[in-house]
Amino acid sequence: MEYEVVIGLEVHTELKTASKIFCGCSTSFGAEQNTNVCPVCLGLPGVLPVLNAKVLEFAVRTGLALNCRILPFSKFDRKNYYYPDLPKNFQTSQYDLPIAVDGHLDVEVAGETKRIGITRVHMEEDAGKLVHAGTIAKADYTLVDYNRTGVPLLEIVSEPDIRSAEEAKAYLEKLKAILQYIDVSDCKMEEGSLRCDANISLRPKGETKLGTKAEIKNLNSFKAVQKGLEYEALRQAEVLDEGGRIVQETRSWDDARGQTVSLRSKEQAHDYRYFPEPDLVPMVVDSTWVEDIRRSLPELPDARQARLMKEYGLSGYDAGVITASRAMADFFDATVAAGADAKAAANWIMGELSRHLNAAGREIEECPVAPGQLAALIDLQAKGTVSGKIAKTVFEEMWASGKDAAVIVKEQGLVQISDEGEVVAIVEKVIAANPQSVADFKAGKERALGFLVGQIMKETKGRANPELVNKLLRERI
Amino acid sequence: MKITRKDVEQVALLSRLELGENDVEKFTGQLNAILDYIDVLNKVDTSGVEPTAHVLPVKNVMRADEARPSLPRELALANAPEQEDGYFKVPKILEG
Amino acid sequence: MELYKQTAHELHAKLAAKEVSAAEITAAVFDRIDTVEGKVRAYITQTRDLAMAQAKAADEKIARGEAIAPLAGIPGALKDNMCVKGVKTTCASQILANFVPPYDSTVAEKLAAADAVVVGKANLDEFAMGSSCENSSFFPTRNPWDTAAVPGGSSGGSAAAVAAAEAVWALGSDTGGSIRQPAAYCGVVGLKPTYGRVSRYGLVAYASSLDQIGPITRDVTDCALVLAAIAGHDGRDSTSIDAPVPDYSKALVPDARGLKIGLPKEYFVAGMDPAVEKAVYAAIDQLKAMGAEYKEVSMPHTEYALATYYLIATAEASSNLARFDGVGFGHRGEGNDIVAMYKRSRTEGFGEEVRRRIMLGTYALSSGYYDAYYLKALKVRTLIKQDFDRAFGEVDVLVAPIAPTTAFKVGEKVDDPLAMYLQDVCTVPINLAGLPAISLPCGFAGGLPIGLQIIGRPLGEETILRAAYAFEQANDYHRRQAPLGEV
């Protein structure tokens with residue numbers, strides 16, 4: 001049977017605050033175990049939480065960037081369950097009155113734009129980290145580090161509007177881009193500052209009722225989101241095709257084995273006994289303040305992509321790639337502002353520059369070639385001072401040494417030879433030295449010309465103007 | 001009977017408490033007596049009444065986002081029943 | 001008179017005049033403790049070294065001619081559910097029998113800043129859950145007026161210590177009457193401030209939306225002094241009120257002219273001891289004679305307060321006490337896996353009343369029962385608060401009994417939780433509404449003290465102190481001493 005896949009994502013993102021959500025401990029990543037802790041985040045008897053103002057501001061920012069409605073009256077609640085990464089055995093979260101509701105974001109998949117609804121955005125505290133030998137169930141004991149306990153989190157819940165693993169990945173990428181644009185989170189999946197759980201179910205095509213869903217955890221990279229959901233959709237289809245029933249359960253994505261595995265013990269229903277957190281007072285959000293935050297939002301990815309297309313004539317695809325990260329879009333804008341042709345800048349950034357960054361495993365913020373330097377290189381190429389091929393060599397050198405393009409060109413004598421007299425002499429010398437190739441070309445073998453061009457480039461160390469070489473060769477043969 | 005033995009056992013599980021056979025009996029009886037008394041609330045018409053979770057009209061209490069010194073680790077772990085390498089140590093967790 | 005029997009304001013005058021030293025007063029109090037503690041058993045922990053060091057520091061200040069705070073050098077006790085850095089804080093529970101907090105509660109900090117002397121941590125019903133101090137997992141405290149009777153609870157150790165002159169002042173905490181009822185049973189003064197007036201930071205929570213710390217003292221003047229020392233806004237407690245602390249001693253004027261007092265008739269419940277009822281009416285007559293205007297008021301939702309209280313308090317407690325799990329602190333029981341360890345730790349660590357309340361609260365919050373129990377209670381809480389709002393539209397203070405009877409005998413109610421809960425019927429409505437209320441002696445029956453309750457508007461501490469002071473000064477109940485040690 002043909003099925004429709006129905007997916008909703010729950011994304012947790014750690015906020016970039018200096019201190020934790022309810023106490024003054026640092027949120028820095030990678031500190032020694034149990035050194036970013038205090039009586040409050042350790043949940044010692046007698047302590048009380050006080051909300052970090054920045055967390056509320058970031059939550060409102062996020063809600064607005066995701067086109068949500070900000071609730072004028074919001075509160076915290078306690079979610080009660082026992083687990084050793086949670087010192088109080090309740091998580092302070094938001095239940096029935098989250099800070100933001102009813103938003104959306106648009107994703108582009110296979111050339112089409114699709115709107116995915118955002119149910120809610122709420123604030124909560126992160127839990128600690130459990131350390132054990134091997135798998136948790138097989139280890140003899142577990143060690144607990146509470147450094148992460150109380151790091152502020154936003155939970156962003158989508159509507160079940162996603163219809164494929166590819167859409168899920170696109171949604172997550174867009175969400176990450178937005179969170180980075182508005183500067184509320186680093187969104188480093190490898191450090192756990194962006195985490196994703198998915199609810200996925202299948203239903204026969206045309207059916208409107210939702211099927212039984214499984215919750216997939218441990219989707220720790222964009223690739224895992226796509227592969228995990230593809231796997232789970234196939235698994236559910238097989239179960240249904242064989243006349244089976246989907247069990248409502250939590251499953252974990254095992255990246256190494258490439259499959260989802262049931263977490264059986266979680267089947268026993270939890271009863272979280274949510275109730276209003278008596279130690280925190282309600283948040284009454286003033287509409288003037290919300291409008292101030294709305295005005296302070298930067299240009300978001302969709303708007304920026306549209307601007308790049310309109311102002312510079314970039315294709316939708318190119319503008320999409322460049323605006324997928326705020327840092328790359330900023331790099332592009334700075335390069336163009338430094339005088340570079342926009343299309344050339346886009347090609348360089350998406351081509352050579354991205355290739356070098358990927359190979360070095362660096363972020364664009366750490367690029368050794370500054371936007372102004374790239375613009376200068378593009379300018380040299382545009383003026384014909386260097387050929388496209390030489391420009392790549394120059395870029396290589398800029399990456400390695402950090403020097404300006406003009407300096408490299410001058411030091412290494414890489415200026416293009418466009419003087420006809422100079423080139424003619426070499427062309428004639430090469431023709432004289434390769435009579436067989438000349439004869440082959442005359443006999444119709446186009447490839448022979450390539451050989452002759454190569455010989456001329458060898459003589460000039462690649463500096464001869466390629467168009468001029470071609471023209472002169474054809475004239476003289 | 002408001003609360004059955006099975007309810008009491010479920011509540012004990014949620015509360016992470018062990019109950020012996022006699023405890024179940026005793027708590028079931030006592031909790032029923034208390035819940036019978038609490039039934040008095042059914043006489044009150046609360047339709048249209050807002051719940052009071054906070055008795056004071058205090059709102060928007062927040063602190064500035066400033067990192068402050070944490071506890072020295074020895075002090076953080078000083079009350080731990082078991083520790084290892086600067087971690088709190090707990091028995092095995094039977095779930096993923 | 002012996003130093004340990006005097007009030008804080010009397011001792012302060014002597015310290016300021018250099019007639020006596022803080023070290024002498026503190027030593028006298030410890031002598032008294034050594035004499036009577038075997039009968040009363042008010043303390044879980046005595047902090048002799050700390051106390052003597054604090055007394056010495058106060059004496060040095062006095063010697064240097066520096067101005068001293070009213071409580072400087074004056075010995076008192078903290079209920080053992082308030083954290084003092086480096087001093088065992090047990091909540092009278094096996095689960096915290098060896099817990100040493102690495103931080104100070106705000107009240108401990110404020111008292112230290114006032115150079116007050118802390119002689120020890122007073123006994124209580126485990127986690128402040130109880131009305132007789134019999135739920136302490138260590139030992140019960142006895143009533144200094146009759147050692148066969150309970151001192152009340154849960155701040156029974158604090159009240160007994162003051163009544164037995166084992167401390168000049170003490171702090172208690174009041175969630176449903178836990179300061180006022182033991183103060184009444186022990187014949188001393190106890191005040192539950194407005195919710196949010198005193199920081200709860202460092203008070204081990206029983207029910208967060210109801211808990212409040214307050215003074216237990218020998219007279220109303222001391223009560224005002226101790227309240228002034230601990231009240232005020234605290235950035236570490238989100239529910240703390242950001243309002244200036246008035247000079248409470250200015251409120252202490254010995255007349256009741258122009259004061260409108262109300263009597264909520266619903267507080268005279270069935271089963272009320274006629275002697276208690278008589279004493280309360282006599283007190284009202286006295287206040288009228290001193291110039292107060294009197295009026296009967298109706299508070300129709302009073303009869304629902306106790307049920308409401310036991311749902312809200314236990315629901316919050318079930319969550320507040322979840323952290324006692326054997327992981328980061330406190331008692332750990334044997335268990336091969338984490339769930340077994342949790343259960344063993346909590347079952348071994350908590351006494352029966354605590355387990356009962358955790359289960360009741362868990363049930364009230366659990367899926368399927370939340371609306372019928374917890375949410376219903378929050379709505380009735382609104383109605384109870386509205387009763388008070390209406391009453392305070394007509395009067396300045398309400399006068400009522402503290403408890404239906406005087407102190408009952410040890411063991412009398414231990415097997416009947418509901419009968420024990422009914423002790424709180426006159427005190428819990430005040431916590432539900434977050435109001436201030438004072439308890440002070442207004443008579444005796446069968447050699448046991450009777451407590452009068454005066455309830456005020458939010459932040460109306462000055463008004464209830466004034467009414468209490470006027471009544472106190474017209475009588476001599478506060479000068480009577482528990483017979484302990486003298487017979």
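Begin by selecting helix α14 of chain A, residues 447–459, whose 13 residues reach 19 Å from the first C-alpha to the last, close to the 18 Å expected at 1.5 Å a residue (the expected span being 1.5 Å times one less than the number of residues). Helices here are DSSP runs of H or I with at least four residues, strands are runs of E with at least two, and both are numbered from the N terminus. Then select K461(A), which follows α14(A) and has a positive phi, near 55°.

This is a predicted model, in which local features need pLDDT of at least 70 and side-chain atom pairs count only at pLDDT 80 or more, while totals for chains, interfaces and linings use all residues. Residues are numbered from 1 along each chain as its sequence is written, and chains are lettered from A and ligands numbered from 1 in the order in which they are written.

Next, colour chain A by its domain assignment, which gives domain 1 (3–289), domain 2 (299–411) and domain 3 (420–476), with bounds from an automatic or database assignment.

Finally, zoom out to the whole of chain A, which has 15 helices and 17 strands, and whose C-alpha trace spans about 90 × 55 × 50 Å along its principal axes.
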